[in-house]
Amino acid sequence: MAYRDRRSSRVDFEHGIRVCIMGIDGAWRRHCTMIDVSQTGACLRIEGAIEGLDLKEFFLLLSSAGLAYRRCRMVRVAGDLIRVEFLTRAHKKPLKRQSTRMTA
């Protein structure tokens, strides 16, 4: 996809915004700087190595308490920069619903 073909406009941050990425299971965490963001994704500068991390699906933590977050997947990597796509319900596998009905 060419830069001009993007689905939504991006907001660039002059000094970046401090954020973290974290594995879905919470097993790993890396500090990052968010360079830009759009409605559909973001560009992050990662601190530390990303080798061995499962970047197919992870959380982008936007607050230090973890109360604001987005579920993501990596789209591309270039050095210490990664481009991520925000996952929506359409990207996620549906959960199997379990019956909450109790039998006596």
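1. A disulfide is a pair of cysteine sulfur atoms within 2.5 Å. The sulfur of Cys32 has its closest cysteine sulfur in Cys20, at 6.5 Å, which is too far for a bond. Across the whole structure, a search finds zero disulfides.

2. This is a predicted model, in which local features need pLDDT of at least 70, side-chain atom pairs count only at pLDDT 80 or more, and totals for chains, interfaces and linings use all residues. Residues are numbered from 1 along each chain as its sequence is written, and side-chain values use heavy atoms, with hydrogens and water left out.

3. Cys32 is buried, with a relative accessible area of 0%, and Cys20 is buried at 8%. (Buried means under 20% relative accessible area, exposed over 50%, partly exposed in between, with a 1.4 Å probe and protein chains only.)

4. How many aromatic pairs does a search of the whole structure find? The search finds two. (Rings of Phe, Tyr and Trp, the last by its six-membered ring, pair if their centres lie within 6.5 Å; planes under 30 degrees apart count as stacked, over 60 as edge-to-face and the rest as tilted.) The pair of Trp28 and Phe58 is tilted, because the planes stand at 50°, with the ring centres 6.3 Å apart. Trp28 is buried at 13% relative accessibility, and Phe58 is buried at 0%.

5. Phe59 and Tyr69 form an edge-to-face pair, with 5.3 Å centre to centre and 85° between the planes. Phe59 counts as buried at 15% relative accessibility, whereas Tyr69 counts as partly exposed at 45%.
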